[in-house]
Amino acid sequence: MYKIHCLNNISSEGLALLTDDYELTDNIEEADAILVRSANMHEMPIPANLKAVARAGAGVNNIPLEALAQAGIPVFNTPGANANAVKELVLAGMLIAARDIVGGIEWVKQNADDENVGKAAEKAKKAFAGGEITGKTLGVIGLGAIGKLVVGAAEALGMKVVGYDPFLDAERAAAISADMAFTSELPELLAASDYVTIHVPALDSTKGMIDAAAIAQMKDGAVFLNFSRDVLVDDAAMAAALESGKVARYVTDFANPAVVKMERALVLPHLGASTAEAEDNCAKMAVTEIMDYLENGTKTHCVN
Ligand SMILES: NC(=O)c1ccc[n+]([C@@H]2O[C@H](COP(=O)([O-])OP(=O)(O)OC[C@H]3O[C@@H](n4cnc5c(N)ncnc54)[C@H](O)[C@@H]3O)[C@@H](O)[C@H]2O)c1
């Protein structure tokens with residue numbers, strides 16, 4: 001009998017895949033495997049019986065990969081399982097940036113006691129008007145699990161798409177979309193795009209890649225969307241660009257003390273993967289990976 005310890009709530013659809021050979025345990029000391037979402041494992045001692053760890057999600061910065069590797073314990077993640085959830089929020093991000101939808105909703109709330117709110121709205125609405133995304137150009141930086149889905153969805157909405165990913169060649173890019181303009185030069189994407197969205201991992205090589213120089217290459221009044229990680233964007237440079245109007249809106253999924261004070265930023269509380277479907281998909285994939293490793297020694301999506 002294998003014993004599984006959950007460090008966070010794991011979707012019941014995932015746990016339902018465990019066969020009669022498995023049982024859940026509250027005692028981490030006797031666990032053969034750990035399922036985790038966001039719990040920080042860096043300060044935890046490694047349980048003596050532990051054989052595998054699976055993160056129901058893509059990022060693994062809450063897990064001590066090196067220490068576990070030294071102890072011979074593989075760590076698995078679930079890349080792509082939440083990609084559709086993030087894609088849908090990117091679409092919402094473009095749409096809430098295209099008109100002042102948030103400002104409009106706030107205006108209605110502020111005028112909730114006005115009996116003539118309908119008439120007042122007709123006068124007030126021009127302050128919240130904007131443009132349409134159909135016909136506009138979207139630049140997609142990073143064409144992995146999420147970026148790919150964003151390309152397809154944006155094209156379906158009538159947008160032109162420019163893609164950039166230094167780890168793809170033209171042939172693989174064409175397989176994502178024959179209509180997408182693929183470039184190996186980031187400045188070319190930045191100069192062509194009305195909306196720019198970034199879908200790359202936070203690595204030493206990508207941190208701060210959207211800095212003052214990159215922003216200067218963007219179209220005046222472009223919208224920048226960040227549903228990847230806040231460290232990819234230089235906050236001071238973005239604040240200055242929003243202030244000057246160089247960037248019209250910064251839509252980000254990562255609240256931090258700098259962005260929450262930027263007037264033209266639309267800041268979400270890390271909602272990208274927060275859908276029931278994504279949580280189920282990640283849990284199912286994590287449980288399957290653990291069972292396949294414990295029973296067959298197979299390592300799928302091992303990250304250490
Ligand atoms: N907001 C959320 O809740 C949420 C949820 C899931 C993932 N994410 C973030 O989204 C990121 C992307 O996720 P994914 O599933 O698409 O990952 P992925 O690994 O499938 O794709 C990442 C892509 O980035 C490309 N890339 C790497 N360095 C690059 C660079 N310098 N310039 C351009 N492209 C580069 C890679 O070649 C790859 O194609 C994750 O790393 C994570 O930080 C956020």
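I begin with Val 53, which stands opposite Val 75 in strand β5. Here strands are DSSP runs of E with at least two residues, helices are DSSP runs of H or I with at least four, and both are numbered from the N terminus. The chain passes from β4 through helix α2, residues 65-70, to β5, and this β-α-β crossover is right-handed. By that I mean that, with the strands pointing away from the viewer, the path from the first strand over the helix to the second runs clockwise.

Before I continue, a word on the source: this is a predicted model, in which local features need pLDDT of at least 70 and side-chain atom pairs count only at pLDDT 80 or more, while totals for chains, interfaces and linings use all residues. Residues are numbered from 1 along each chain as its sequence is written, and side-chain values use heavy atoms, with hydrogens and water left out.

To return to the strands, β4 and β5, the latter being residues 75-76, pair in the parallel sense over two bridges; pairing requires that DSSP finds at least two bridges between two strands. Strand β3, residues 33-36, also runs parallel to β4, and four bridges join them. In that pairing, Val 36 stands opposite Arg 55 of β4.

Which residues cover the two faces of β4? In a regular strand the side chains alternate between the two faces of the sheet. In β4, residues 52-55, Ala 52 and Ala 54 lie on one side, Val 53 and Arg 55 lie on the other, and all are buried. Buried means under 20% relative accessible area, exposed means over 50%, and partly exposed is in between, with a 1.4 Å probe and protein chains only.

Leaving aside residues up to four places away in sequence, Asp 21 touches Met 1 and Tyr 2, where contact means heavy atoms within 4.5 Å. The C-alpha atoms of Asp 21 and Glu 295 are separated by 9.9 Å, although these residues are 274 apart along the chain.

Finally, the chain as a whole. Its secondary structure comprises eleven helices and twelve strands. Of its 304 residues, 44% count as buried. Among contacts between residues at least 6 apart in sequence, 59% join residues at least 24 apart. The C-alpha atoms fill a box of roughly 70 × 55 × 35 Å, taken along the principal axes.
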